[in-house]
Amino acid sequence: MGSLFDELKFRDPERARALSEALRREVEAAGRTISLMHVCGSHEQAIARFGLRAAFPRGLDVIMGPGCPVCVTDTPEVDEAVALAAQGARLCTYGDMLRLPGTVKSLADVQSDGADVEVVYSVTQAVEIARARPGEQVVFFASGFETTAVATAAVLLAGVPENFSVLSSHKYVPAAMDVVSEMKETNIEGFIAAGHAATITGWGIFEPFAARTRTPVVVAGFEPLDVLAAVLELVRLVRARRPEVMNCYPRCVSREGNGPALEKLWKVFDVVAGNWRGIARVPRGNLELRPEWDHVNARRRFRIDTTAVGGASRNLLAEHCICGSIMSGLARPSDCPIFGKECRPDSPVGACMVSSEGSCKIWHVYGGPPDLKEVA
Amino acid sequence: MCLGVPGKVLSISDDGMSAQVDFFGVQKELRLDIVDVPVVVGDYVLNHVGFAIRRIPPEEVGETLALFDQILKEAAADDLMAADVRGEMAAGRSAPGDDGSGRG
């Protein structure tokens, strides 16, 4: 494949400057600070990696909300996986989940104790492991938003061996926006929706939210100019008081989304209430297997005894962790007293420092607060 | 994990359930269970955790590839976006002779 650098109209510096200047004029004309939220770790990666906050004017705050499904996975869910591994099941999960702290232990801890824990890149790899080890119980600890849940649904519908089960910690994107919009302390005036999650659900799914909360939503891609253009459109919608949904990522997102994938998703999963770590009980926050899938649901199939791994936390540092406030948009990673000190990617205290989609890890890797540079 | 990665369909299995896909020189087998529309050889698809989740319209392929091309070429060893992209590539089933790391 040849270089595509001559096609980079999505990274053209002239267009970036023009967008940045248009954004500055819009925010200046508003005459107040406008706070926008995105709910996707990949957006925070793009913003930090490409230094986009330097192109945002004063008076514009772009905050990362609860857009990291690993980060909002609650400690009792980790405890269930840790207990299953300690009880002798072979636990397979995505890499980000390995060091996510449970009440007392993470899966990495129980792995060093001798339990069988395997990192997989795809649920299909977990199914292959189950096929290769018919004498063992293989449990897939499933994380991710609906984009990832459709893959879990597809393997169940295609048929899995008898010794394979799913411990679902899948989360539902629209709930992430609901939970923030209902917090009185936040003053988010517009949302940037995650491009690839919307590939599955379609942008139409955000219309009821926009109408109900009177908050505009813009679907954005991950190129620097994708993000800048989406932020500009969102500021314009905010200023015009138009609570609409705009699709700024038409090359990957349609209004209806991926029909075949959605059909499979809802055949297997239901939206249920769940606790999100550090945030709240979220009424439509989790994706759980429907009752007809009880035979592959690890929660129904096994007696999971978390008493040995639950109980009072022994991690005194965790009391200083402000991940919940960070994910709610009330604080920034640099506001946390242990950020970059006791809490680092090699020894994470809070969930946001574990995942590559966690805002603390992203800020830490890309050099601290990525918006230190001010544009005059 | 939210970032799908685009690749080119090289061949499709006889049962139509999977495809060999080239990702920037690394070949992987992807499942086609949940792709939005049927794909043919030469199409580009977006891969997430070993599944094609969207056929990328041909006129939009260049724009979609550019970001990933740059990330993989210039990324430092600890770059998070590059690591996520490589993780997505590793999610496909390895083709014969590939070490499965997705770092080909």
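In chain A, the closest N and O atoms of A:Glu118 and A:Arg90 are 2.6 Å apart, and the two residues form a salt bridge (a side-chain nitrogen of Lys or Arg within 4 Å of a carboxyl oxygen of Asp or Glu). This pair joins distant parts of the chain, 28 residues apart: A:Glu118 belongs to strand β4 (residues 117-119) of chain A, and A:Arg90 to strand β3 (residues 90-93) of chain A. Helices (H or I, at least four residues) and strands (E, at least two) are DSSP runs, numbered from the N terminus. The structure is a predicted model, in which local features need pLDDT of at least 70 and side-chain atom pairs count only at pLDDT 80 or more, while totals for chains, interfaces and linings use all residues. Residues are numbered from 1 along each chain as its sequence is written, chains are lettered from A and ligands numbered from 1 in the order in which they are written, and side-chain values use heavy atoms, with hydrogens and water left out.

The two partners differ in class of accessibility. A:Arg90 has a relative accessible area of 8% and is therefore buried, whereas A:Glu118, with a relative accessible area of 23%, is partly exposed. In these terms, buried means under 20% relative accessible area, exposed over 50%, and partly exposed in between (1.4 Å probe, protein chains only). Both residues take part in a network of salt bridges that links A:Arg90, A:Asp116, A:Glu118, A:Arg133 and A:Glu136.

Over all chains, the count by this rule comes to 30 salt bridges. One of them joins the side chains of A:Glu26 and A:Arg236, at 3.2 Å from N to O. This pair also links distant parts of the chain, with A:Glu26 in helix α1 (residues 13-30) of chain A and A:Arg236 in helix α10 (residues 224-239) of chain A, 210 residues apart. A:Glu26 counts as buried because its relative accessible area is 16%; A:Arg236, at 35% relative accessibility, is partly exposed. A further salt bridge is formed by A:Arg290 and A:Glu292, whose closest N and O atoms are 3.3 Å apart. Here A:Arg290 is partly exposed, with a relative accessible area of 24%, and A:Glu292 is partly exposed at 47% relative accessibility.

The domain assignment of chain A gives domain 1 (9-69 + 174-247), domain 2 (75-172 + 259-309) and domain 3 (317-359); the bounds come from an automatic or database domain assignment. Between domain 1 of chain A and domain 3 of chain A, the C-alpha centres lie 23 Å apart. Contact (heavy atoms within 4.5 Å) is made by 15 residues of domain 1 of chain A with ten residues of domain 3 of chain A. The area buried between domain 1 of chain A and domain 3 of chain A is about 920 Å², and carbon and sulfur atoms give 58% of this area. Buried area is the accessible area (1.4 Å probe) that two parts lose on being put together, summed over both. On the side of domain 1 of chain A, the residues that lose the most area to domain 3 of chain A are A:Gln45, A:Met64 and A:Cys68, together 38% of what that side buries. Zero salt bridges are found by the rule across the interface of domain 1 of chain A and domain 3 of chain A.

Two helices of chain A were examined for length or cover. Helix α6 (residues 146-158) of chain A has 13 residues and should span 18 Å at 1.5 Å a residue, which agrees with the 18 Å between its end C-alpha atoms. The expected span is 1.5 Å times one less than the number of residues. Eleven of the 13 residues of α6(A) are buried, so the helix is largely enclosed by the rest of the structure. The buried residues of α6(A) include A:Glu146, A:Val150 and A:Leu156. Just after α6(A), A:Gly159 takes a positive phi of about 105°. In helix α5 (residues 123-132) of chain A lies A:Ala132, which counts as exposed at 61% relative accessibility. The C-alpha atoms of A:Ala132 and A:Pro161 are separated by 10.0 Å, the two residues being 29 apart along the chain.

Chain B contains two helices and six strands, in the order β-β-β-β-β-α-α-β along the sequence. Of its 104 residues, 61% count as buried. Helix α2 (residues 80-90) of chain B is mostly covered, with ten of its eleven residues buried, among them B:Leu80, B:Asp84 and B:Arg86.
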